[in-house]
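Have the sequence and structure open while reading.

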Amino acid sequence: MGVSRRSVIATSLAGAAAGALPLGAATEAAFAVSPPGDVVGKVTVGYQGWFACIGDGAPINGWWHYSPNWSQAPAPGACSITCWPDVRDFTQGYRSNFANLGNGQPANLFSSYDQQTVDTHFRWMQQNGCDTAALQRFNPNGGEGATRDAMAQKVRQSAEATGRKFYVMYDVTNWTNMQSEIKTDWTGKMSAHTASPAYARQNGKPVVCIWGFGFSDPGRPFAPDACLDVINWFKGQGVYLIGGVPTHWRLGTDDSRAGFIDVYHAFNMISPWMVGRISDNAGADWFYTNRVLPDLADLNPRGIDYQPCVIPGDLAAGHRRHGELMWRQFYNHTRAGVQSVYISMFDEFNEGNQIAKTAESAAWQPTNSGMRALDEDGTPCSSDYYLRLTNDGGRMLKGQVALTETRFTVPFPTGPDQTAPSVPGSLRVTGTTDTTVALAWNASTDNVGVAGYRVSRVSGSSSTVVGTTTTLAFTVTGLTASTAYTFTVAAYDAAGNASGASNAVSVTTAAPPNNTTNLAAGRPTAESSHTQVYGSANAVDGNTGTYWESANNAWPQWIQVDLGSVTATKRIVLTLPPQSSWATRTQTLSVNGSNDGGPGNTIVGSAGYTFNPATGNTATITFPATATFRYLRLTFTANTGWPAGQVSEFRVYNG
């Protein structure tokens, strides 16, 4: 049986918030070590998927995680959940032995084994800014194994249908033969799911998390050598490995065993646990000062990403304060410069720290449950409040709304949201190339919150959506040179309400270059260095989604293309991946040419070139005179967006 994490971890609450930085302090200088992917720069939610009911068809055939006795439906005094889920959105319910709800309806519960339940959960994620789900996987070799295997497939199906990402998160609690069995489980079962387009990838690698190494409790007694063996094995399988580690991992105290620092530093990303550690804003501020900021200072120079927890608070213990605790963590992480967070958890009704829809008042929970509803502190909160709060906190973390100490999410909208956002203002063209048009517009407003924008291409009386974004800019790609296009943009909210179309803008793409043959396409390359899978060959493969990236913090760095013979050239076009998640950056570089592959002669001296996602993330270097060389080399000495040289496409033209 999977166990509650809190039940095997000694709570380590922070003391007074003495020494915390003032709340108005400027955001700390921090950055993600890795570029944005499916976990870096994203909001990840922990997904248990571990609730079953007799009669739902699950192999486990019991009230899994609902009742201490799986053969009996949960009842007062014999129940494993501490607060009641809101089941109004599910098509199937299972009758518990509780009395009816306060509104007279039967006290039904959901089963995670129903595909419709998982579909609904992932639709909630989609509507509320949850980018990625970490599917919890405990020891799968006992009686729970078949059900857990099935849940992985159900999660995959729902993620694919809703555009969410997912990855496997192994919890090693009470897994006696973990060191060998976790490897067998990955190669024999779970790795097959990486074939899904919904399986999360970071730095080009499938993501896996291992939760539990180094904790100072009997449930995870593994020695450092055994842990390092597993970590190195997974990294040898080509995965990006996250470590779910103790809160005090860096110090090796409290919930962390001593002697594990090398284990922690072996992960690609560190995600410290926080459930049970804080119960109020003072505790959140203490951890901001004494753990989050020092953690970042330790990890950034080592090239390790950081994914701290955000918890809504234990509802059963009265910690939530109608969203204040959760918002304070989003605020603290944002001002610290944190790029990625892990929500603990999505559906953890056992520990009361779920963000999934929950009974909002006594009317929506059994009359004899004795449980707290979301209005427990006297402030009415809708059942989806913590989903909506996650959405707004994630938008603040990603820089889509301004940093603010005061939460702006309305606790209880009156009735269903039927108000559409305002029409986006001042749609305009900010740049064009022969195949792209960059657009920008002014923000819409909404009574609850704008969820995103749809960009459409207009032709006569019809229009076609060409892309969606949560930012105020979008680059339309794949267009034809010297062709007229018309575009509009509309806003939408989480309830599906859409604004009217903005003003239409018409633009004609640029003419094709004098010579459109890329002389560098598919040619041999050389480099001073590269990191991970980002070799120089990526820069000539014709795919703007792949790129070369040099070693970090080791200037100067260079990339070179062999044109095959001495060739007359006049222009280089450099690109970075066109995603809006790549922030604007200026790279300082020079161009040299040679006929022997060496440093050669200067063609264009060192200068700064700006790559802006709003204008296609492209920079053109035109030579002052025709250069006739076999080898062209770019030498990088600075990058304002990343401590390395970066090129997605290195294109060379003779006109």
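Where is the place of Asp493? Asp493 sits in strand β18 (residues 484-493). Helices (H or I, at least four residues) and strands (E, at least two) are DSSP runs, numbered from the N terminus. The model is predicted: local features need pLDDT of at least 70, side-chain atom pairs count only at pLDDT 80 or more, and totals for chains, interfaces and linings use all residues. Residues are numbered from 1 along each chain as its sequence is written, and side-chain values use heavy atoms, with hydrogens and water left out.

Asp493 is buried but has no salt bridge. Buried means under 20% relative accessible area, exposed over 50%, partly exposed in between (1.4 Å probe, protein chains only). A salt bridge is a side-chain nitrogen of Lys or Arg within 4 Å of a carboxyl oxygen of Asp or Glu. For Asp493, the nearest side chain of opposite charge is Arg454, 8.2 Å away. Here Lys and Arg count as positive, Asp and Glu as negative; His and the chain ends are not counted. A polar atom of the Asp493 side chain lies 2.8 Å from the backbone nitrogen of Asn497. Leaving out residues up to four places away in sequence, Asp493 touches Asp417, Thr419, Pro421, Asp446, Gly449 and Ala451. Contact means heavy atoms within 4.5 Å.

## Nonpolar cores

The largest nonpolar core has 124 residues. Such a core is a set of buried Ala, Val, Leu, Ile, Met, Phe, Trp, Tyr and Cys residues joined through side-chain atoms within 4.5 Å. Tyr167, Phe213 and Phe234 touch the most other members. Helix α6 (residues 281-299) gives the most to this core, with 8 residues. Another core, of 30 residues, lies apart from it; Val561, Leu576, Ile621 and Val652 are among its members.

What does Phe234 touch? Its contacts are Tyr170, Ile182, Trp186, Val208, Ile210, Val239 and Leu241, not counting residues up to four places away in sequence.

Helix α7 (residues 324-336) is mostly covered, with 12 of its 13 residues buried. The cover over those buried residues includes α6, β11 (309-310), β12 (341-343) and α8 (385-397). At 1.5 Å a residue, α7 should span 18 Å, and its end C-alpha atoms are 18 Å apart, which agrees. The expected span is 1.5 Å times one less than the number of residues. Just after α7, Gly337 takes a positive phi of about 85 degrees.

Helix α1 (residues 115-127) should also span 18 Å, and its end C-alpha atoms are 18 Å apart. Its buried residues include Val118, Phe122 and Trp124. The buried residues of α1 pack against β1 (43-47), β4 (132-137), α2 (145-162) and α8. Gly129 follows α1, with a positive phi near 70 degrees.

Met345 is in the loop between β12 and α8. The bond from Trp555 to Pro556 is cis, with omega near -5 degrees. Pro556 lies in the loop between β21 (548-549) and β22 (557-575).

Asn203 is not a glycine, yet has a positive phi of about 55 degrees. Asn203 lies in the loop between β6 (201-202) and β7 (205-211), and is buried at 4% relative accessible area. Arg321, not a glycine either, has a positive phi of about 55 degrees. Arg321 is in the loop between β11 and α7, and is partly exposed at 34%.

Note on methods:
A polar contact is a pair of N or O atoms within 3.5 Å; within protein, one must be able to donate a hydrogen and the other to accept it, and residues adjacent in sequence count only if both atoms are side-chain atoms.
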